[in-house]
Amino acid sequence: MLGAIGASTVVAIRPALAQTTGSVLNCQIPVPDPGRAGSYIARDGSTVPARTQGSFAPPGRPYTGEEVKRALQGGQLPNSNSLSNRAYLNYIRRLQRGQGGFTCYASLQMPGG
């Protein structure tokens, strides 16, 4: 009897975990966040004034959690080259609580995210 309860519990939990994982992959990370709109991204991931030499224009749309996860695993973000990809990922890694995209990025760092 106990085994039957355990099996039904697992079945009930799996859809909830799948839904959570799906929402993490669909969350968005703006580069830069709205509080820094108009800024460019320096190679180290910091935001700098627009058109600063050696910096990169924002990508034009937020990245999804799925795109960022793939890029963190060695892939490349859409609409980026090797240098801008590295700068954008450096920016994302520097996100802090209160910045747009932080919660999404933090979710990707959790096991199963």
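This is a predicted model: local features need pLDDT of at least 70, side-chain atom pairs count only at pLDDT 80 or more; totals for chains, interfaces and linings use all residues.
## Surface and overall layout

The protein has 113 residues, and 35% of them count as buried.

What is the protein built from? Its secondary structure comes to four helices and four strands.

## The nonpolar core

Next, head inside. The largest nonpolar core is made of 20 residues. Those with the most contacts inside this core are Ile29, Val31, Val68, Leu77, Tyr88, Ile92 and Leu95. Which elements give two or more residues to the core? They are helix 2, helix 3 and helix 4. Helix 3 gives the most, with five residues.

Leaving out residues up to four places away in sequence, Val31 touches Ile41, Pro58, Pro59, Tyr63, Tyr88, Tyr91 and Ile92. Two of those names, Tyr63 and Tyr88, come up again in the next section.

## A pair of rings

A pair of aromatic rings is described by the distance of the centres and the angle of the planes. How many aromatic pairs turn up in a search of the whole structure? There is one. The pair is Tyr63 with Tyr88: the ring centres sit 6.2 Å apart and the planes meet at 45°, so the pair counts as tilted.

Tyr63 belongs to strand 4 (residues 63-64) and Tyr88 to helix 3, so the pair ties together parts that are 25 residues apart in sequence. Are these two tyrosines buried or exposed? The cut-off for buried is under 20% relative accessible area. Tyr63 comes in at 1% relative accessibility, so Tyr63 is buried. Tyr88 has 4%, so Tyr88 is buried as well.

## Ser80 in its loop

Now find Ser80, in the loop between helix 2 (65-72) and helix 3 (82-93). Ser80 counts as buried because its relative accessibility is 15%.

What does the side chain of Ser80 reach? It gets to the backbone oxygen of Leu77, at 2.6 Å. Leu77 is also one of the core residues named above. Setting aside neighbours within four places in sequence, Ser80 is in contact with Tyr63, Asn85 and Tyr88. So both members of the tilted ring pair, Tyr63 and Tyr88, are among the contacts of Ser80.

## The disulfide

A disulfide is a covalent bond between the sulfur atoms of two cysteines. This structure holds one, and it joins Cys27 to Cys104, with an S to S distance of 1.8 Å. The torsion about that S-S bond is about 65°, so the disulfide is right-handed.

With a relative accessible area of 19%, Cys27 is buried. Cys104 is buried too, with a value of 5%.

Definitions and conventions: Residues are numbered from 1 along each chain as its sequence is written. Side-chain values use heavy atoms; hydrogens and water are left out. Buried means under 20% relative accessible area, exposed over 50%, partly exposed in between (1.4 Å probe, protein chains only). A polar contact is a pair of N or O atoms within 3.5 Å; within protein, one must be able to donate a hydrogen and the other to accept it, and residues adjacent in sequence count only if both atoms are side-chain atoms. Contact means heavy atoms within 4.5 Å. A disulfide is a pair of cysteine sulfur atoms within 2.5 Å. A nonpolar core is a set of buried Ala, Val, Leu, Ile, Met, Phe, Trp, Tyr and Cys residues joined through side-chain atoms within 4.5 Å. Rings of Phe, Tyr and Trp (its six-membered ring) pair if their centres lie within 6.5 Å; planes under 30 degrees apart count as stacked, over 60 as edge-to-face and the rest as tilted.
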